[in-house]
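Open the model in a viewer and have the sequence panel ready. The stops below go from the whole chain to single side chains.

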Amino acid sequence: MQNHSVRLAPVLEAISEKVAPVKPLASATRTHGVTTLDALSPTCAPFAARWDAEADRRNALRTPENLKKLMVAQRENTSARATAAQAKNQRR
């Protein structure tokens, strides 16, 4: 087994030398991306607040009573779509 690691050592060193310049580039890219996102934060804040408000509104609606109403509405919608499809097929 030791023979394999001796043969792999030059390969691993070559790979490390190739990858070494990529690390600073990746770090710089990440830093630039974070800086850009930080600059955009004030612009996106109203959208984030609206998104959170909508999520809160939806969570408030998740009650057993509203779930029953939702199920009834879905059933009625499915029935109406089936009726519309039948009517469309009969017109042909």
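This is a predicted model: local features need pLDDT of at least 70, side-chain atom pairs count only at pLDDT 80 or more; totals for chains, interfaces and linings use all residues.

Residues are numbered from 1 along each chain as its sequence is written, and side-chain values use heavy atoms, without hydrogens and water.

**Whole chain.** Colour by secondary structure: the protein chain has three helices and zero strands, in the order α-α-α from the N terminus. Helices (H or I, at least four residues) and strands (E, at least two) are DSSP runs, numbered from the N terminus. Of the 92 residues, 0% count as buried; buried means under 20% relative accessible area, exposed over 50%, and partly exposed in between (1.4 Å probe, protein chains only).

**Helix α2.** Select residues 22–60, then show Glu-54 and Arg-57, which lie three residues apart in this helix. Their salt bridge has its closest N and O atoms 2.7 Å apart; the term means a side-chain nitrogen of Lys or Arg within 4 Å of a carboxyl oxygen of Asp or Glu. Glu-54 and Arg-58 are four residues apart, about one helical turn. Arg-58 is partly exposed at 48% relative accessibility, and Glu-54 is partly exposed at 30%.

**Helix α3.** Select residues 64–91 and find Met-71, which is partly exposed at 46% relative accessibility.
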